[in-house]
Amino acid sequence: MTTVISVPPSLDEHTFEQVIEQLAATPEGSKILLDARHARWASPYGLTALLCVPQARTERIAFAVPENPDTVSYWSRTGFFRHAADLYELHGAVPRAREAHESDVLLEITPITKSDDVHGVVGRIQQKAADILHGQLNLDTAVTGAFGMTLSEACQNIVEHAGLGGWVAVQTYKYTRRLGRRVVVISVCDAGVGFRKSLESSPGHRRSDRWDDAMALEDAVLRAASRFRHGDAGRGQGLAGIRRFVGRWHGKLTVRSGTARLGIIPEWDEDVPMTEGLPFFPGAQMQIIIPERVGEAPARSAGGGAASRGRSRL
Amino acid sequence: MMHIDVGLVLRGTVCDLYSNLVTRPTGAAVRTAIEQQFGEIGAPAVTTIDFSQVNLLDFSCADEIVAKLLLRFTSDDGPPGFLTFRGIHEGHIDPIETVLERHALALVSWHEGEAELFGCVEDDERDHWLVVRDRGPVQVETVARTLNVTEEFAMAQLERLTRRRLVMRRDEGYTVPGVVQGGPGSLPTNGSGVQ
């Protein structure tokens, strides 16, 4: 018997929970069909997380492609089907792969398995990011470097911690429902070991009664803990840097791992900072949203330095 | 004086195609190449680490290159020389300051002919460093008089800055690493006429 898992018409980080919920209730080894025939829209998170589903299961999963030609065309331009063809047993008409050329596809879905991939991602996005972040989103030109740095650190987490390759995608789009402004969205998803297991592998890890996915997320995202921290005080700065970048530009950061989801929530959003007891999904799924700027540029966050150019230079 | 162009080291040792200092393995490879240069010819009195040709620097590379080189130089059994930095632009500041803060380190950077201090320094250290920068080579007595502190206190601060490799002793006085003899405030060049 085949278990049919319905993909919601609009697939984002919230509605993807419906997919995880159905998946978690399906015993390992079952025959599964992921039915995306009625899908009409998907965020970068939705598409990259969809690619994690077959990586999270031992059995080959069937995938029914969307029926709407515009949806199929768009998903194709993001590079989704090119990767999905290797992971799923695809059912339905899939257009021939083309280069992503739409302006809102800043970085088509790209696999991350090794450090070289991170160089490739950062190098490919740089000029395009400058044009879009500055030109379309009205962000300071200085944001481009920090954006590349954020992308680099987010992708490195896969290489260093996931133990399994993952996916990254970057797009801009009009975030009408919540914000009414354009946003740039980075999604970095993997189906690897997740934060809890990664931190548990540290020689310095002390497990407490409260230790769970939520606490692991708090340790990593809020307290800059890293499994490499034992003996190397410099580790764990990547996520702290991402958090600072997101805060500076009034953005939103969410990280889901295992059964918990942690969010750094800006004033324009009504999401919750922590959700626990979610159905289990392996790995880590991160989303960063940076909105178009209206009004004055945000002030730089206070750094630890005694002096820096443009600030209290000595 | 040794001048090390980090951009050239990156392309020469890791990959010709890379122009961004991202990922921890890349940072480690660049640092290892720099340390090999020290091993082959010995660390000179002053070495300038030049980031002018580095477009993007992430936290991992800042930690692997800037922090770990400084940690080595400021350790008790570290090389005798001093490190200065140049070519640090606005986009490099956040990752560099972050790693300096994490390790409680500080560095001297040269920008448009002027030395700057980045990282973790206490107020007294900063005050003394500024006097050395603005008036060096300068004797302890002058620093004490300028800051209206005792000579013992000034000496302790200057020695602390010396141990942290933020000032260096020269001609019975103290100066900021990289200052041209007889010309305070001059930009370190690619080798000649400096230190």
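A polar contact is a pair of N or O atoms within 3.5 Å. In this predicted model, the side chain of A:Glu59 reaches the backbone nitrogen of A:Gly29 at 3.1 Å, so the pair falls within that limit. A second polar contact of A:Glu59, at 3.4 Å, is made with the side chain of A:Thr58. A:Glu59 is found in the loop that runs between helix 2 and strand 5 (61-64) of chain A. Its relative accessible area is 12%, and A:Glu59 is therefore classed as buried, the cut-off being under 20%. Leaving aside residues up to four places away in sequence, A:Glu59 touches A:Glu28, A:Gly29, A:Ser30 and A:Ile32. A:Lys114 is 55 residues from A:Glu59 along the chain, and the C-alpha atoms of the two are separated by 25 Å.

The domain arrangement of chain A was examined next. Chain A is assigned two domains, domain 1 (1-95) and domain 2 (103-295). Taken over C-alpha atoms, the centres of domain 1 and domain 2 of chain A are 22 Å apart. Contact between these domains involves 28 residues of domain 1 and 32 residues of domain 2 of chain A. Together domain 1 and domain 2 of chain A bury about 2400 Å², and carbon and sulfur atoms account for 62% of this area. On the side of domain 1 of chain A, the residues that lose the most area to domain 2 are A:Glu13, A:Pro44 and A:Tyr45, which together make up 24% of what that side buries.

Four salt bridges are counted between domain 1 and domain 2 of chain A. A:Arg82 and A:Glu108 form a salt bridge, with 2.5 Å between the closest N and O atoms. Polar contacts between domain 1 and domain 2 of chain A number 13 residue pairs, both residues being at pLDDT 80 or more. The side of domain 1 of chain A that touches domain 2 draws at least two residues from each of helix 1 (16-24), helix 2 (44-55), helix 3 (69-77) and helix 4 (80-87). Helix 2 of chain A gives the most to this side, with nine residues. By residue class, the side of domain 1 of chain A that touches domain 2 consists of 15 nonpolar, seven polar and six charged residues.

In chain A, 36 residues are in contact with 41 residues of chain B. The area that chain A and chain B bury between them is about 3300 Å², with 48% of it on carbon and sulfur atoms. Two salt bridges are counted between chain A and chain B. A:Arg248 forms a salt bridge with B:Asp94, in which the closest N and O atoms are 3.6 Å apart. Across the interface of chain A and chain B, 11 residue pairs are in polar contact, with both residues at pLDDT 80 or more. Helix 5 (115-136), helix 6 (143-162) and helix 9 (237-248) of chain A each contribute at least two residues to the side of chain A that touches chain B. That side of chain A comprises eight nonpolar, 16 polar and 12 charged residues.

B:Glu125 belongs to helix 5 (residues 123-135) of chain B. With a relative accessibility of 1%, B:Glu125 counts as buried. Apart from residues up to four places away in sequence, B:Glu125 touches B:Gln157, B:Arg160, B:Leu161 and B:Arg164.

Backbone geometry was considered last. Most residues other than glycine have a negative phi, and most peptide bonds are trans. B:Gly136 and B:Pro137 are joined by a cis peptide bond, with omega about -5°. B:Pro137 is placed in the loop between helix 5 and helix 6 (140-147) of chain B. A positive phi, near 60°, is found for A:Asn138, a residue of the loop between helix 5 and helix 6 of chain A. A:Asn138 counts as partly exposed, at 37% relative accessibility. Phi is also positive for B:Glu112, near 50°. B:Glu112 lies in the loop between strand 4 (106-111) and strand 5 (114-119) of chain B, and at 69% relative accessibility B:Glu112 counts as exposed.

Key
Residues are numbered from 1 along each chain as its sequence is written. Chains are lettered from A and ligands numbered from 1 in the order in which they are written. This is a predicted model: local features need pLDDT of at least 70, side-chain atom pairs count only at pLDDT 80 or more; totals for chains, interfaces and linings use all residues. Side-chain values use heavy atoms; hydrogens and water are left out. Contact means heavy atoms within 4.5 Å. Buried area is the accessible area (1.4 Å probe) that two parts lose on being put together, summed over both. A salt bridge is a side-chain nitrogen of Lys or Arg within 4 Å of a carboxyl oxygen of Asp or Glu. A polar contact is a pair of N or O atoms within 3.5 Å; within protein, one must be able to donate a hydrogen and the other to accept it, and residues adjacent in sequence count only if both atoms are side-chain atoms. Helices (H or I, at least four residues) and strands (E, at least two) are DSSP runs, numbered from the N terminus. Ala, Val, Leu, Ile, Met, Phe, Trp, Tyr, Cys and Pro count as nonpolar, Asp, Glu, Lys and Arg as charged, and the others, Gly among them, as polar. Domain bounds come from an automatic or database domain assignment. Buried means under 20% relative accessible area, exposed over 50%, partly exposed in between (1.4 Å probe, protein chains only).
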